[in-house]
Amino acid sequence: MKKMRKLLSAILVVVMLGVLAAGCSGKSDSAGNSGNDGSGDTKKEEEGKTFKVGYANKTLNNPYFVALDAALKEEVEALGWKYASLDADEDINKEMENMETFVSQGYDLIIINPIDSEACLQSIANAAEAGIPVIAVDNAPDSSAECITIVCSDNERNGRAVGLYTAETFGDKPIVSVLLSGVKGAVVSQERRTGLMCGIIEQRTGCSEDEAWEQAREMEQTLIDKGKAYHEEADFAINGQGWGNWTADEGLPAMEDLLVANKDINLVLGENDNMLLGAMTAIENANMSGIKLAAAADGQKEALKLIADGTDYMATGDNSPATVSKMTLEIAVDVLENGKTADDYEDVTRTPALCYTVENAAEYYNPDNAF
């Protein structure tokens, strides 16, 4: 009998161990769900995981920035992720508050279009310290910024392409111009105007591209120091610089001021389309004619129409909100889902350069585009 009891006890232990093993194996539960075997619930959770992406927007005072916000929202939500945008309205303190909001609320990734290249550095560093990756768009922070990368149009090469075309169109005539710039201290402003200078110098002097860049930077410094600049060999003058804050509303009065002191100009150079649209109004209001216009960026649809129609608006460079947004979210996916870091990217990720002229503007113009 003792032997029988021992045998029964042994059998019972084996059965219980088997039941426990089955229960711990995770192969099934009362709902019939798969356990964590590397391809079950965990995989489903990973496939369905959503992320929170915050966009620290510097302003919505310009159609480009409105279109960029909308394009980023569309790209983020197409992934099934959550999107929030906070507008700083050109206020550096507000930008810092917006960045802190995204950090304190535990966002997974922050996109920033910084107001100032250096004022944003501490906010970006705070996000990085909290383990939140940051991608900059459009305007570049200082090179010391702890960003994954900066996604923007190729400002210098777009400007150069527009400058080359403009110089070729003017032929041997002297170029007597004024310049409408965006915001003082913005890297994007400097890149665009230097690109314009480079293209004009290169085409009119026949020097190499490297030489043209060097001379353009010297001309840029003279413009900063003296408010005007002249390149003798290229017979190219910039007789004044106005600041239009990227908008038509501020580009108009800035152009009015420039016209008061510069009635003999034949060209207006601009760092974006919106300011030049305001400049056109100022020129028309002054009953002046024969003044050409060329912008380093953005490819705004109103500018494309004017270029395609063969008006005095000669050319502009590309700065597509849709392209910038698409490239930004491709990087965001690699960072959040595939573990990529800043080491996997160049400091600046640029969209392809493109110059719109009367020869190609009609191909790209779409009146239904947001921008």
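Predicted model: local features only at pLDDT ≥ 70, side-chain atom pairs only at ≥ 80, totals over all residues.

Modeller: Residues are numbered from 1 along each chain as its sequence is written, and side-chain values use heavy atoms, with hydrogens and water left out.

Biologist: How many helices and strands does the chain have?

Modeller: Helices (DSSP runs of H or I, at least four residues) and strands (runs of E, at least two) are numbered from the N terminus. Here the chain has 13 helices and 13 strands.

Biologist: What percentage of the residues is buried?

Modeller: Buried means under 20% relative accessible area, exposed over 50%, and partly exposed in between, with a 1.4 Å probe and protein chains only. Of the 371 residues in the chain, 49% are buried. By the Shrake-Rupley method with a 1.4 Å probe, the chain exposes about 17,800 Å², and carbon and sulfur atoms supply 49% of that area.

Biologist: What share of the contacts joins residues 24 or more positions apart?

Modeller: A contact means heavy atoms within 4.5 Å. Among contacts in the chain with a separation of 6 or more, 70% are between residues 24 or more positions apart.

Biologist: What span should helix 6 have?

Modeller: The expected span is 1.5 Å times one less than the number of residues. Helix 6 (residues 155-170) has 16 residues and should therefore span 22 Å, which agrees with the 22 Å between its end C-alpha atoms. Its buried residues include Asn155, Gly159, Val162, Ala167 and Phe170. After helix 6 comes Gly171, with a positive phi near 60 degrees.

Biologist: Is Ile175 buried or exposed?

Modeller: Ile175 belongs to strand 6 (residues 175-181), and it counts as buried because its relative accessibility is 1%. Ile175 lies 61 residues from Phe236 in sequence, yet their C-alpha atoms are 4.8 Å apart.

Biologist: What is the volume of the largest cavity, and which residues line it?

Modeller: On a 1 Å grid over the protein atoms alone, a cavity is a set of points where a 1.4 Å probe fits but cannot get out; a pocket is an open set with protein on both sides within 12 Å along at least five of seven lines; and lining residues have an atom within 4 Å of a point. Points are joined across faces, edges and corners, and a volume is the space filled by probe spheres set on them. The search finds one cavity of 30 Å³ or more, and the largest cavity has a volume of about 70 Å³. Its lining includes Lys58, Asp138, Trp246 and Asn319. Helix 3 (63-78) and helix 7 (187-205) are the elements that give two or more residues to this lining.

Biologist: Which residues lie nearest the centre of the largest pocket?

Modeller: The largest pocket, with a volume of about 400 Å³, has 22 lining residues, and Ser320, Pro321, Ala322, Asn369 and Phe371 lie nearest its centre. Helix 3 provides the largest share of the lining, five residues.
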